[in-house]
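Visitor: Hi! I'm new to this one and curious about its aromatic rings. Could you walk me through them?

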Amino acid sequence: RPRVGSRAQGRSAILEKFGGAAKGPAPHLRRSGGAATVKTMLLEWCRARTRGYPNVDVQNFSGSWGSGLAFCALLHSFFPDAFDFATLEPSARRDNFALAFATAEERAGCAPLLEVEDMVRLPVPDAKCVYTYVQELYRCLVAKGLVKTKKR
């Protein structure tokens, strides 16, 4: 019989006690987790909100946002009457960023934390900047009652 380390035994005992490893989608965003947990949950939320939008595949907080379409899809999922998503082109980065940021400011009350020119200048957006902006957008949508959070 192979030897199992005490750490592995402890993990096995915990998994057995609580019915196995977690499965399914990540739980709703909450403040009790660490920064990495919140970041992962926010990314999952973005994925869920933008699923099914053409030319949008949110996998991270950098390259996935490079055409501006992910920002547009995220906002369109809350404000479908704000613009016609079907008319947007991935190559029209400047227009996509401008549309998304203007919509976020006008409809969600989101502070203009990102500049269109900065986003267009970089072929791959800075992950920290995108993450910070998405956090602010999420916070604004919660404040407007458009995103429901679990009560503690």
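Predicted model: local features only at pLDDT ≥ 70, side-chain atom pairs only at ≥ 80, totals over all residues.

Visitor: How are the rings of Trp45 and Tyr138 arranged?
Guide: Their planes are at 90 degrees and their centres 4.9 Å apart, so the pair is edge-to-face.

Visitor: And where do those two sit in the chain?
Guide: Trp45 is in helix H2, residues 35–50, while Tyr138 is in helix H6, residues 127–143. The pair links distant parts of the chain, 93 residues apart.

Visitor: Are Trp45 and Tyr138 buried or exposed?
Guide: Both Trp45 and Tyr138 are buried.

Visitor: What about Phe71 and Tyr133?
Guide: They form an edge-to-face pair too, with 5.7 Å from centre to centre and 85 degrees between the planes. Phe71 belongs to helix H3 (residues 69–78) and Tyr133 to helix H6, so this pair ties together parts 62 residues apart in sequence.

Visitor: Why does Phe71 count as buried?
Guide: Because its relative accessibility is 2%, and buried means under 20%. Tyr133 also counts as buried, at 2% relative accessibility.

Visitor: Which residues form a cluster with them?
Guide: Phe71 and Tyr133 share one aromatic cluster with Phe61, Trp65, Phe97, Phe101 and Tyr131.

Visitor: Switching topic: which charged end sits over the ring of Tyr131?
Guide: That of Lys39, 5.5 Å from the ring centre.

Visitor: And what lies over the face of Phe78?
Guide: Arg49 does, at 3.8 Å from the centre of the ring.

Technical notes:
Residues numbered from 1 in each chain as written. Heavy atoms only, no water. Phe/Tyr/Trp six-rings, centres within 6.5 Å; stacked < 30°, edge-to-face > 60°. Helix = DSSP H or I, 4+ residues; strand = E, 2+ residues; numbered from the N terminus. Buried < 20%, exposed > 50% of the residue type's maximum accessible area, 1.4 Å probe, protein only. Lys NZ or Arg CZ within 6 Å of the ring centre and 35° of its normal.
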